[in-house]
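Please read these notes with the model open beside you, and take the numbered points in order.

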Amino acid sequence: MTPALSAVLPEGSVVTAVLPRTGGSMSTVWEVRRAGAEPLIVKQYAAEWRRQQAKEVYVYRLATAVSAVPRVVRADYERAMTVLTLLPGRPLWERESEPGTVLAAYRRMGAFLAELHRVRLPAYGELETGIVDPVPGNAEFMRRRFAGHLDNFRAAGGPADIHDAVERIAAAAAPTFATCSGAVLCHADLHEGNVLVDDSGAVTGFVDVENAIAADPMLDLAKTLQFDTRESPAKRAALLDGYGPLPPRGAERIELYRLYHAVELWTWYTSVGHTKDLAGLLDSLRANIARRSARRDR
């Protein structure tokens, strides 16, 4: 155990084991087991990602009243280390062959998002240790977001017909975006890899808030649905059942945001060489555009 790791632990901790956990480009992660005390997670951020450390701490503290998320035990910005409570379990995607477990988890995911979305925020925007460049209204916020992601989509080689169709849809969507009554805390990355389940299949927690944002709650639901590349009606039904009643024009907003997230994910996957889901995302975009065209022509 490194001196830095020892220095960030609660006073009196007697360490019995330090186990490496899955990390990533942002951080190195350890599970620290202690005699007579609950194990902890310690994350050390790479130098170029220290702003993400501050954001993670800020978001988890915003979500203090939300169940099944890690709690911040200590944040040491000099050492770029954050200590969190450990949530047991394995990622949900490892249980994909167990339909009952997966659908129960999607209902719990819906309930979690409903709880998280009770954390209301004063404006729309990216989060760091506050709201970055806050925007008072959702219509303006989403106009900017769509424009940025469409520019990136085009620069990455996205099909021109899809770019132009989504651009037209977004330009006409201001009245729908404006039906959002206010910004809330959104996870913005709730996929099966960020949901933990125990050996019995019960959900034990939700992790990874590096993408959290102040936005329309329907933006959050839409992203979880867009992550499901197989478009499972059963998963969708379970998620929405767990979430509860949608707000006015909620379903319409979700479909709009599905376009946004498909464009965003296609561009991101292209940039990192993740080719497996690219065709499926283009299919999703074209199907969404076609549904809109069919409804307009009735």
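How many bridges join strand 3 to strand 5, and do they run parallel or antiparallel?

1. Strand 3 (residues 37–45) and strand 5 are joined by 5 bridges and run antiparallel, where strands are DSSP runs of E with at least two residues, helices are runs of H or I with at least four residues, and both are numbered from the N terminus. Two strands count as paired if DSSP finds at least two bridges between them. Within this pairing, Leu 40 stands opposite Thr 85 of strand 5.

2. Please keep in mind that this is a predicted model, in which local features need pLDDT of at least 70 and side-chain atom pairs count only at pLDDT 80 or more, while totals for chains, interfaces and linings use all residues. Residues are numbered from 1 along each chain as its sequence is written, and side-chain values use heavy atoms, with hydrogens and water left out.

3. Strand 5 also pairs with strand 4 (residues 72–76), again antiparallel, through 4 bridges, and here Ala 75 has Thr 82 as its bridge partner. The hairpin of these two strands has 4 residues between them, and Ala 80 takes a positive phi near 55 degrees. Strand 5 (residues 81–85) is mostly covered, since 4 of its 5 residues are buried, that is, under 20% relative accessible area with a 1.4 Å probe and protein chains only.

4. A search of the whole structure finds 2 cavities of 30 Å³ or more; on a 1 Å grid over the protein atoms alone, a cavity is a set of points where a 1.4 Å probe fits but cannot get out, and lining residues have an atom within 4 Å of a point. The largest cavity holds about 50 Å³ of space, and its lining includes Val 59, Phe 112 and His 187. Helix 2 (50–62), helix 3 (99–116) and strand 9 (184–186) each give two or more residues to this lining, which by class has 10 nonpolar, 1 polar and no charged residues.

5. The second largest cavity holds about 40 Å³ of space and is lined by Gln 226, Thr 229, Glu 231, Gly 280, Leu 281 and Ser 284. Its lining divides into 1 nonpolar, 4 polar and 1 charged, with Gly counted among the polar residues, and helix 10 gives the most to it, with 3 residues.

Key: On a 1 Å grid over the protein atoms alone, a cavity is a set of points where a 1.4 Å probe fits but cannot get out, and a pocket is an open set with protein on both sides within 12 Å along at least five of seven lines; lining residues have an atom within 4 Å of a point. Grid points are joined across faces, edges and corners, and a volume is the space filled by probe spheres set on the points. Buried means under 20% relative accessible area, exposed over 50%, partly exposed in between (1.4 Å probe, protein chains only).
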